[in-house]
Amino acid sequence: MQCNDFRDHLLVWMEGERAPEAEAHLRGCGNCRELLADLEEIRVSGRALGEVEPPPRVWTAVRAQLEEEGLTRARGWRTWLPSFGMIWPRPAVAGATLAVLVAGAFLLGIEVRNYNNSQRWTQGTEAATRPIDTNLGNFELHEVSALHGPNQAVNASFQKNLQIVDKYIAMCEKSVREEPENELARDYLYGAYQQKADLLAEMSERGENPQ
Amino acid sequence: MPEAEAIRRAQQGDGAAFERIYQLHSRRVYSLCLRMVSNTAEAEDLTQEAFLQLFRKISSFRGESAFSTWLHRLSVNVVLMKLRKKRMPETSLEETTEPDEETGGPRRDFGVADLQLTGSVDRVNLQRAVDQLPPGYRAIFVLHDVQGYEHNEIAEIMGCSIGNSKSQLHKARMRLRELLHENMRNQAREQRQAVKSEAAGEG
């Protein structure tokens, strides 16, 4: 067998088929041994590229789109919400605005728990979330208008993430309206506000220290 | 919730079932996208698109093929469509051209002694070379050598024959070898130039 013949045989060799004449050629041909070693190296290295977990925001975006397209039944929301807390890794940032928002959300939880019928729960929730919503809105207006970092991709990503979080705030608000006495629904609404506050705080930090 | 139950419930629009299906398959789909486009933001978008298409079409899934095969076929199509839109050179699976003919690059004898790859192929170099493969080769290499699919599964995913899958994989590996060698030569040249510049600076 010559090198060209071995080349023709390579495909089946790599699949595990060993013809005696190919083995004999390999013993006497350094170039073909090198070729084979390289291909083996590539095959083994491929596996080392491995698999990677997608970031939680991918599912968040899929879920938001499914919701928007009406592809899911409404009753599914409760089982969906627990993963919401994983949407954004919380950055180690907290300005005065963020602190106010967190405190507001905490106080809201206490305040709302004192209501004892659906209508009052709803009213209480709305009364307590309105200032947070307003504060976040103002903060957002400021941060989005100041978003002019050099990296357009990062800016676009912030904008996109902001839209996703807004969708989820809307979804959580809808859930609270539907089941005003459900504490878990309210907790997730507060969580949603917190996530938005974190994101805005991160945008603020980026704005101050563009990289 | 077992996969079959999740599929049945997702076909009825159950949100929790959608999430279960996503949990079961997202890692593989995202990794496929990431290895194909080598860009996390694009891979995220493609994963999102693949799952959205899946969930839009899930009511039509009748179980003629394995669910994961169906999902991966859909995912590969989403990625290839994206690459096509980016006007990257496309390779039909039925093409039997040699790698050198595809790229128009200088033909090299694969058997010629050169820098050896053994022990020198790290993930960065390999991914860089994979990025340079034509999309058809790239898909088969990723499915087989990275994700561990068998040729019969790849044939179903890619809509080709088993023989074609084997042959395309072989060509992909041969092309990767050339690319890795090229990259190694370039790196060696750059190092030599850097040493030369340094020496000139000192002198």
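Predicted model: local features only at pLDDT ≥ 70, side-chain atom pairs only at ≥ 80, totals over all residues.

**Comments on the model**

1. A:Leu39 touches A:Met14, B:Arg173 and B:Arg177, when residues up to four places away in sequence are not counted. A:Leu39 is found in helix α3 of chain A, which covers residues 30-49. Between A:Leu39 and A:Met14, which are 25 residues apart along the chain, the C-alpha separation is 8.4 Å.

2. Is A:Leu39 buried or exposed? A residue counts as buried if 20 or more other C-beta atoms lie within 10 Å of its own. A:Leu39 has 20 other C-beta atoms within 10 Å and is therefore buried.

3. Chain A as a whole comprises nine helices and zero strands, so that its elements, read from the N terminus, run α-α-α-α-α-α-α-α-α. Of its 211 residues, 32% count as buried. Among the contacts in chain A with a separation of 6 or more, 72% are accounted for by residues 24 or more positions apart.

4. Just after α1(A), A:Gly16 takes a positive phi of about 105°.

5. The largest nonpolar core has 60 residues, and those with the most contacts inside it are B:Cys33, B:Val79, B:Ile140, B:Phe141 and B:Leu176. Helix α2 of chain B, residues 15-37, gives the most to this core, with 11 residues. A second, separate core of 18 residues includes A:Phe158, A:Tyr168, A:Ile169 and A:Ala185.

6. What does B:Cys33 contact beyond its neighbours within four places in sequence? Its partners are B:Ala43, B:Leu46, B:Thr47, B:Ser75 and B:Val79. Of these, B:Val79 is also listed with B:Cys33 among the residues with the most contacts inside the largest core.

7. The contact between the chains takes 40 residues from chain A and 42 residues from chain B. On the side of chain B that touches chain A, at least two residues each come from α2, α3 (40-57), α6 (123-131), α7 (135-146) and α9 (162-202) of chain B. The largest share of that side, 12 residues, is supplied by α2(B). By class, the side of chain B that touches chain A has 18 nonpolar, 12 polar and 12 charged residues.

Notes:
Residues numbered from 1 in each chain as written. Chains lettered and ligands numbered in written order. Helix = DSSP H or I, 4+ residues; strand = E, 2+ residues; numbered from the N terminus. Core = buried A, V, L, I, M, F, W, Y, C linked by C-beta atoms within 7 Å. Buried ≥ 20, exposed ≤ 12 C-beta atoms within 10 Å, placed from the backbone. Contact = placed C-beta atoms within 7 Å. Nonpolar A, V, L, I, M, F, W, Y, C, P; charged D, E, K, R; others polar.
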